[in-house]
Amino acid sequence: MTVPSSTSGFPSLRLRRLRSSPRLRDLVRETELNPRDFILPLFVRHGQNLRVPIKSMPGQDQMTVDHLPREIDEIASLGIPAVILFGIPEHKDAVGSEAYDPNGVIQQAVRAIKATRSDVLVMTDVCFCEFTDHGHCGIVNDKHGHTDVDNDATLDILVKEAVAQCQAGADLIAPSGMMDGMIAALRSGLDTAGFENIPIMSYAAKYASAFYGPFRDAAESAPQFGDRRTYQMDPANAAEALREVALDVAEGADILMVKPALSYLDVIRRVKQAHPEIPLAAYNVSGEYSMVKAAAANGWIDEQRIALEILTSIKRAGADMILTYFAKEAAKWLG
Ligand code: PBG
């Protein structure tokens, strides 16, 4: 029997058939970006009537609490369901006490947003690096001549911080400090305080990444000595991420997160495969954003297409939601 000839030799295998028109391409598209899956990070600073552009993150500003109502209206009108807050406090000290002060900058911000638009979800980052004078993510002490973040001492103040955020009205908390046992400690601390319905989104697999560089300028949170490699993960490890994630699942995390996103698409995929039943977030971090902005400003790339391609790739890898500084622009592009 002779097989009819074709360029490929396999007449039935013409994959281009399904690419021949925009309608067909729409019909067979596997991954759909939707503004409903975006979470926009906001930098809230102390003071009044200030909106300070962040040089290392073009298009992003630090803003004071009084600017939030207008900002949140715009975010809601674009169909973005959630924001995550980072604070630049007036006072930093060794234990980051403004993080759990009922009048700390984050607590003020949560109240202002909820008073404006109660339908926008407010997530709060639960960490100390923005609030400590040394810039580390918890209580630093000296044990046996070795200076490091004290895991268990930090758990106690993480609970205080999360409870203060929930009392202000936070809808969901997102611990990012990579302390062992933080999810169990926070779950029981929240439950005891009556916040058993507040979900925890765990920065479960968070890497010690150079991609956070622009954020540390934005949040004024760079460590004053050393680095974060004793608590954040080694970028070379992926199997270890599954252990981090399994622990957080066992401790009661409601949503998991992989961070950064773009250089860790394999980790996103493996986490989704290991826990398909748990919603997965990915954090498209500051460095990933600023690289695109810088190249676009030079005219080297098509910003819109690159940004949407990156966000699509993060979803395709397995993320259900994306924390991204592109949220507003992407919502407009998709609109
Ligand atoms: C705080 C925190 C960081 C980021 C989010 N939460 C910085 C860090 O760990 O140094 C980075 C986000 C970004 O780069 O966009 N622990």
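These legends describe close-up views of a predicted model. Residues are numbered from 1 along each chain as its sequence is written, and side-chain values use heavy atoms, without hydrogens and water. Because the model is predicted, local features need pLDDT of at least 70 and side-chain atom pairs count only at pLDDT 80 or more, while totals for chains, interfaces and linings use all residues.

**View 1. Strand E10 and its side chains.** Strand E10 covers residues 255-259 (strands, E, at least two residues, and helices, H or I, at least four, are DSSP runs numbered from the N terminus). Of its 5 residues, 5 are buried (under 20% relative accessible area, with a 1.4 Å probe and protein chains only). Ile255, Met257 and Lys259 point one way from E10, and Leu256 and Val258 point the other way.

**View 2. The strands paired with E10.** Strand E9 (residues 201-206) pairs with E10 in the parallel sense over 4 bridges (pairing requires at least two DSSP bridges between two strands). In this pair, Lys206 stands opposite Lys259. Strand E11 (residues 280-284) also runs parallel to E10, joined by 3 bridges.

**View 3. Val120 and its contacts.** Val120 lies in the loop between helix H3 (105-116) and strand E5 (121-126). Val120 counts as buried because its relative accessibility is 2%. Not counting residues up to four places away in sequence, Val120 touches Ile72, Ala76, Pro81, Ala82, Lys114 and Asp171 (contact means heavy atoms within 4.5 Å). Val120 and Ile72 are 48 residues apart along the chain, and their C-alpha atoms are separated by 7.8 Å.

Methods: Buried means under 20% relative accessible area, exposed over 50%, partly exposed in between (1.4 Å probe, protein chains only).
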